[in-house]
Amino acid sequence: MSNAPHSEPSRRYGTVIISHGPELLVKVDDELIACRGRRKLGKTVCGDRVWLSEDQPPVLDGIAPRQNAFPRADRRGRQQIVAANLARVVIVVAPKPEPTRDLINRYLVACENLGLQAVICFNKADLIDAESRPIWDDRANLYRCLNYPVVFTSTKAAPGLAELTPLLVDGPSILVGQSGVGKSSLINQLLPDLALKTQAISSATAKGRHTTTATTWYDREGAGPIIDSPGVWEYGIWKMPWSDVAQGFIEFSAFAQQCRFANCQHLTEPDCGVQAAADKGMIDPVRLASYRRIVGALEHIPNPRG
Ligand SMILES: Nc1nc2c(ncn2[C@@H]2O[C@H](COP(=O)(O)OP(=O)(O)OP(=O)(O)O)[C@@H](O)[C@H]2O)c(=O)[nH]1
Ligand SMILES: [Mg+2]
Ligand SMILES: [Zn+2]
């Protein structure tokens with residue numbers, strides 16, 4: 001410890017692994033340090049880069065500016081940040097529980113607005129039978145035609161995680177989706193030491209459910225970090241204008257130029273270029289219907305104050 005009058009107090013720089021209530025778990029080099037958030041610094045989330053003081057116990061001294069932040073919204077359209085400083089969002093869906101009809105599109109609206117890469121992961125592929133196979137293949141083709149990577153995975157049987165693993169090499173990836181689709185199971189297999197402690201604990205209590213309660217960051221050697229997040233039933237989009245929803249439907253913009261009205265929302269306006277494209281089979285009518293439902297649902301959310 002230097003006692004030179006002008007020396008900076010030494011600081012430790014780390015990543016927030018878990019933020020749960022006021023408690024933080026920060027990873028500094030290979031050490032995990034528990035500390036408390038500080039109200040005046042604002043809410044700290046998983047993935048934040050932070051500075052800790054050398055005090056005992058250490059105190060949170062600062063939060064680095066975020067490159068990005070992935071939110072979900074409550075019923076009133078207010079954002080709650082789930083994690084920060086991400087490279088991509090892996091949208092995990094499964095045959096069971098069957099996704100709500102706009103779930104993937106809602107996530108894509110968020111990703112497109114945040115400039116985050118989206119990967120669509122159809123997990124529990126072992127549960128897809130001959131009857132439902134065409135439905136899942138159609139879904140995969142729909143999103144592949146829009147240039148989103150779509151992978152089929154199973155943590156129980158073939159095809160395993162072979163298609164997913166190479167997509168998670170660069171930068172931090174967060175796994176999101178409904179509760180019970182297998183996010184934690186996937187992460188368990190992506191970690192070298194098969195060490196999602198929660199799994200071991202809850203299988204000991206033999207309830208067969210291991211619901212994740214806190215967003216958690218896992219570092220991996222030689223591969224991008226992966227972040228587990230608690231499941232949702234529906235992904236809540238924050239209050240946003242219709243044009244931001246349209247931005248999430250990346251195939252619309254080319255046709256929107258042909259709408260009669262420059263401010264056409266592609267709802268019920270006459271001579272809508274997007275509707276015309278759907279009529280001609282150039283836009284999937286299921287996506288257009290989904291867009292309209294999402295815009296309609298957001299209109300029912302009051303404008304947030306402040
Ligand atoms: N058949 C089958 N079951 C799976 C697969 N992956 C996970 N499961 C099962 O699905 C259940 C839920 O898995 P979790 O990994 O806890 O799901 P989760 O998405 O983390 O759920 P939350 O933490 O509640 O959001 C468990 O019983 C898993 O064993 C899979 O690929 N195939
Ligand atoms: Mg989980
Ligand atoms: Zn239009």
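Predicted model: local features only at pLDDT ≥ 70, side-chain atom pairs only at ≥ 80, totals over all residues.

Visitor: Is α2 largely in the open or buried, and why?

Guide: A residue is buried if 20 or more other C-beta atoms lie within 10 Å of its own, exposed if 12 or fewer, and partly exposed in between, with C-beta atoms placed from the backbone. Of the 13 residues of α2, 1 is buried, so the helix lies largely in the open. After α2 comes Asn147, with a positive phi near 75°.

Visitor: What does the protein come to in helices, strands and buried residues?

Guide: The protein has 8 helices and 13 strands. Of its 306 residues, 34% count as buried. Along the principal axes, the C-alpha atoms fill a box of roughly 75 × 50 × 35 Å. Among contacts with a separation of 6 or more, 62% are between residues 24 or more positions apart.

Visitor: Which residues touch the most other members of the largest nonpolar core?

Guide: In soluble globular proteins, nonpolar side chains tend to be buried together. A nonpolar core is a set of buried Ala, Val, Leu, Ile, Met, Phe, Trp, Tyr and Cys residues joined through C-beta atoms within 7 Å. The largest one here has 66 residues, and Val89, Ile91 and Tyr107 touch the most other members. Helix α1 (residues 103-114) gives the most to this core, with 7 residues. Leaving out residues up to four places away in sequence, Tyr107 touches Val89, Ile91, Ala118, Val176 and Tyr235.

Visitor: How many bridges join strand β1 (residues 11-20) to strand β2 (residues 23-28)?

Guide: Two strands pair if DSSP finds at least two bridges between them. β1 and β2 run antiparallel and are joined by 5 bridges, with Ile18 opposite Leu25 in β2. The two strands form a hairpin with 2 residues between them, and Gly21 in the turn has a positive phi of about 60°. β2 is also joined to strand β3 (residues 31-36), antiparallel, by 6 bridges; here Glu23 stands opposite Arg36.

Visitor: Which residue takes a positive phi in the hairpin of β2 and β3?

Guide: Most residues other than glycine have a negative phi, and most peptide bonds are trans. In this hairpin, with 2 residues between the strands, Asp29 has a positive phi near 50°. Asp29 counts as exposed because it has 7 C-beta neighbours inside 10 Å. Asp271 also has a positive phi, near 50°; it is in the loop between α6 and α7 and, with 11 C-beta neighbours inside 10 Å, counts as exposed.

Visitor: What kind of peptide bond joins Lys96 and Pro97?

Guide: The bond between Lys96 and Pro97 is cis, with omega about -5°, and Pro97 is in the loop between β8 (88-93) and α1. Ala158 and Pro159 are also joined by a cis peptide bond, with omega about 5°. Pro159 is in the loop between β10 (150-152) and β11 (173-177).

Visitor: Which residues come nearest to ligand 1?

Guide: A residue is near a molecule if its C-beta atom, placed from the backbone, lies within 6 Å of it. Of the 20 residues around ligand 1, Gly182, Ser184, Ser185, Thr212 and Gly231 come nearest. For the classes, Ala, Val, Leu, Ile, Met, Phe, Trp, Tyr, Cys and Pro count as nonpolar, Asp, Glu, Lys and Arg as charged, and the others, Gly among them, as polar. The shell has 3 nonpolar, 13 polar and 4 charged residues.

Terms used: Residues numbered from 1 in each chain as written. Chains lettered and ligands numbered in written order. Helix = DSSP H or I, 4+ residues; strand = E, 2+ residues; numbered from the N terminus. Contact = placed C-beta atoms within 7 Å.
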